[in-house]
Amino acid sequence: MGFTLVAPERPEEACEILASAAPGQVAVLAGGTDLLLDLDSGRSHPDRVLSLRRLPWRSLQWNGPTLTIGSTLPLSEIEVDPVVRARIPGLWDAIHGVGSLQLRHRATLGGNLGRASPTSDLIPMLLALDASVEIVGVQGIRSVPVDEFVLASRSTALRVGELIASISIPEARPSAYVWQRVRPSNDISQVGVAVARASRAPFWRVALGGVTPRPVRLPEAERELRAERPLTPEVVRAAEAAATHAPFATDKRATETYRRQLVGVLVRRAIAMVSAPLDRPVGWA
Amino acid sequence: MPAGSTRVNGAPVDLSEVPDDERLLDTLRWRLALRGTKEGCRTGDCGACTVLLDGRSALSCLTLTHEVEGASVTTVEAIANGRIGEAVRDAFIAEGAAQCGYCTPGFVVALTGLLAERRASTPVSDLLEEMGGNLCRCTGYGTIGRAIVRAREAIR
Ligand SMILES: Cc1cc2nc3c(=O)[nH]c(=O)nc-3n(C[C@H](O)[C@H](O)[C@H](O)COP(=O)(O)OP(=O)(O)OC[C@H]3O[C@@H](n4cnc5c(N)ncnc54)[C@H](O)[C@@H]3O)c2cc1C
Ligand code: FES
Ligand code: FES
């Protein structure tokens, strides 16, 4: 390894450091739960590591209907916010399912998007919530929908000298995230399903993780869900569409056949959770 | 290079001699000779390296030492100085919740952080779920589960 660690206080300084370096020379560190594994495996071998810990991005703010989450806020801080849990239950589901509590005390939303894993549990939920990524760079600030930000595994729309400052969710939505794993903690989801209901038609968003090459929304399933409160036949058609059209592949975690079988069940379960939220607990019991 | 200091178990520790790429786990074990914190996997999977950072559980194997500049680190050596940590330690002893003991520091530290963070009225099932980041390879989870229940009762 043998890198130097730099921890600037101002975003402009951080972007400058990135912009003036050759590709691969500087690695970005938020919670480090992905990056440190890449350093150990030798996949990343930077001269410098740029720590984001002093940047003023550990915030969580509602502006009217919009929730803006700072990129470096630990996931556990989002999870303990009772308003987030009550108003966007699917975001709570997705975050609560990440790794373990020890991990979530340091892992961040910015890091999850930066890694852009096809098995991310957070990107599907952000897709279903129509979230966007606010980016700062040497050229200024821009905002990109998550759908255009995530390109493939380890590949994002970030340009040289750019960092994720925050993530914005335009409105609170009834929502749910359900997953299937071998172990509930510290395991990677074989399939993850995010469902959210928007305030206006078209109401439904269905997004998937555990697909290649990146988490996706599934318009074929969404189209089957017309009503704000869909009846069973619509839900069954949506689940079938998901099983037919999801870009699943076979890998060491599951076969394509198993994933297709599974996704139908998870889609139905997630829609049921969104449609009948009454028995969902709110706040720590 | 960001120099600075941190507190480990209450005592100030100067970080200026610590290399930038050193992990907190290695600083604790090899620089400060606090060998209670264990290395099981070094990949975030086992929880044996759990310490408290400002009272919150964290994985010292996935944390660069300089990243905790200004924070207060608590390891298993000092965990029983607090009321909750003492109750957790006593519960693990009373239930005999260790065989080789390698995972025990991680469990004790993680449970102390968890009970401090959540109300003691948190359902046992939630506590057991939140302890999923700690693995034991030998004593079995029966005694550990009972120690968790006992510690929760003791601090209610
Ligand atoms: C044991 C274990 C279990 C895990 N379980 C899960 C799980 O269940 N679900 C899941 O989705 N993930 C899981 N992960 C993966 C990981 O914890 C998450 O992706 C986490 O959200 C990453 O956040 P971080 O802050 O630690 O990222 P870091 O490691 O700090 O960064 C990850 C990448 O993003 C880049 N980056 C970070 N922040 C920014 C920024 N602000 N701007 C630009 N680029 C940035 C970094 O350069 C790096 O390439 C797990 C990891 C481990 C080790
Ligand atoms: S050694 Fe850190 S989690 Fe296993
Ligand atoms: S007591 Fe041996 S690993 Fe847990």
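## Salt bridge between the domains

In this predicted model, one salt bridge (a side-chain nitrogen of Lys or Arg within 4 Å of a carboxyl oxygen of Asp or Glu) is found across the interface of domain 1 and domain 2 of chain B. A salt bridge joins the side chains of B:Arg56 and B:Glu117, with an N to O distance of 3.9 Å.

## The domain 1 side

Among the elements (DSSP runs numbered from the N terminus, helices being H or I of at least four residues and strands E of at least two), strand S3 (50-53), strand S4 (56-59) and helix H2 (76-79) of chain B each give two or more residues to the side of domain 1 that touches domain 2. S3(B) gives the most to this side, with three residues.

## Domains and their contact

The domain assignment, which is automatic or comes from a database, places domain 1 of chain B at 5-77 and domain 2 at 79-154, and the centres of the two domains, taken over C-alpha atoms, are 20 Å apart. In contact (heavy atoms within 4.5 Å) are 18 residues of domain 1 of chain B and 12 residues of domain 2 of chain B.

About 1200 Å² is buried between domain 1 and domain 2 of chain B, with carbon and sulfur atoms giving 61% of that area; buried area is the accessible area (1.4 Å probe) that two parts lose on being put together, summed over both.

## Basis of the values

Residues are numbered from 1 along each chain as its sequence is written, and chains are lettered from A in the order in which they are written. Local features need pLDDT of at least 70, side-chain atom pairs count only at pLDDT 80 or more, and totals for chains, interfaces and linings use all residues, while side-chain values use heavy atoms, with hydrogens and water left out.
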